[in-house]
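The following dialogue is intended for a reader who meets this structure for the first time. Each answer sets a value beside the definition that applies to it.

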Amino acid sequence: MTTQGKMGVAQRLMFWKRQDGISPEEAIERLRNLQELLSKKTDYLENKVDAETKTALENRVKNKRAALQALRRRKRYEKQLQQVDGTTASLEVQLEALTSASVNAEVVKCLKLTSETMQRTFGNMTADKVADLRDEVSDMMEDAEEIGGILAQPLGGEEFDDDDLLAELEVMEQNELTDKLCNMQFPSVPTEKVKVKDDKKTGKEKEEEEEKEELRKLAEWM
């Protein structure tokens, strides 16, 4: 591993330093950084296993001692690789649990915020208090209506029955009608014979009547 790579690993290992009041987001970020570090270590160990395997195969005939040493190193790398794989699996479980816990915590915060907001909005108001307030307002409206009725009554005891007033009004109307009939002047009946014109007569009949009338007047003159 290069010097730059070693410095990067050292920087990532600094997140293991404990701090009071760490937030879930920071813990999740640290676990993800550790996963990334273990992933790089896995790649490194796998490359080492492949390299030692190649060395052992190349020296299996001409240099068995070198081949055996390569196999021993490969075994150590494989053991480390198994440990890293187990740690990686454990970190995945922890990360999933922490992520779920963080989401649940946010949900609880939202529920708490909703509850506090509703409490500030309604105050100490409850369904029973609202029902009592409604009944109280209804009673006050009934009292106000009753008071208005009392105030509308005439003062000094001058109260008249509506039926008596209607009867008096009817008598007044009858008297007024009688006076009008008595003072009414009817037209005189005509004594002269009323001539009725027959609008249904034709023009020829009217001419004949006019001629007869002229003959009658001429006979009277002679």
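The questions below concern a predicted model.

Q: How do you know that the span of H2 is close to the expected one?
A: The expected span is 1.5 Å times one less than the number of residues. H2 has 35 residues, for which 51 Å is expected, and the helix reaches 51 Å from its first C-alpha to its last.

Q: What makes Ile 28, Leu 31, Leu 34 and the residues grouped with them a nonpolar core?
A: A nonpolar core requires buried residues of nonpolar kinds, joined through side-chain atoms within 4.5 Å. Twelve residues form the largest such core: Ile 28, Leu 31, Leu 34, Leu 37, Leu 38, Leu 45, Val 49, Tyr 77, Leu 81, Val 84, Leu 91 and Leu 95. In soluble globular proteins, nonpolar side chains tend to be buried together.

Q: Which residues does Leu 95 contact, leaving aside its neighbours within four places in sequence?
A: Leu 95 is in contact with Ile 28, Leu 31, Arg 32 and Gln 35. Contact here means that heavy atoms lie within 4.5 Å.

Q: Why is Asn 59 called buried?
A: The term buried applies under 20% relative accessible area. Asn 59 has 14% relative accessibility, and therefore counts as buried. This residue lies in the loop between H2 and H3. Leaving aside neighbours within four places in sequence, Asn 59 is in contact with Lys 64, Ala 66 and Ala 67.

Q: How do you know that Arg 73 forms a salt bridge with Glu 52?
A: A salt bridge calls for a side-chain nitrogen of Lys or Arg within 4 Å of a carboxyl oxygen of Asp or Glu. The closest N and O atoms of Arg 73 and Glu 52 are 2.9 Å apart, and the pair therefore meets the definition. This pair links distant parts of the chain, with Arg 73 in helix H3 and Glu 52 in helix H2, 21 residues apart.

Q: Why is Glu 52 called buried?
A: Glu 52 has 11% relative accessibility, and the limit for buried residues is under 20%. Glu 52 therefore counts as buried.

Q: What makes the contact between Arg 74 and Glu 78 a salt bridge?
A: The N to O distance between their side chains is 3.5 Å, and the definition asks for a distance within 4 Å. The two residues are separated by about one helical turn, because they are four residues apart in helix H3. Arg 74 counts as buried at 18% relative accessibility, whereas Glu 78 counts as partly exposed at 26%.

Q: Why is Lys 109 called exposed?
A: A residue is exposed when its relative accessible area is over 50%. Lys 109 has 54%, and is therefore exposed. Lys 109 forms a salt bridge with Glu 106, the closest N and O atoms being 3.8 Å apart. Both residues lie in helix H3, three residues apart, about one turn of the helix. Glu 106, at 35% relative accessibility, counts as partly exposed.

Q: How many salt bridges does a search of the whole structure find?
A: The search finds four salt bridges.

Q: What share of the protein chain is buried?
A: Of the 222 residues in the protein chain, 12% are buried. The protein chain exposes about 20,100 Å², and carbon and sulfur atoms supply 55% of that area.

Methods:
Residues are numbered from 1 along each chain as its sequence is written. This is a predicted model: local features need pLDDT of at least 70, side-chain atom pairs count only at pLDDT 80 or more; totals for chains, interfaces and linings use all residues. Side-chain values use heavy atoms; hydrogens and water are left out. Buried means under 20% relative accessible area, exposed over 50%, partly exposed in between (1.4 Å probe, protein chains only). Accessible areas come from the Shrake-Rupley method with a 1.4 Å probe; for residues, only the protein chains shown count as cover.
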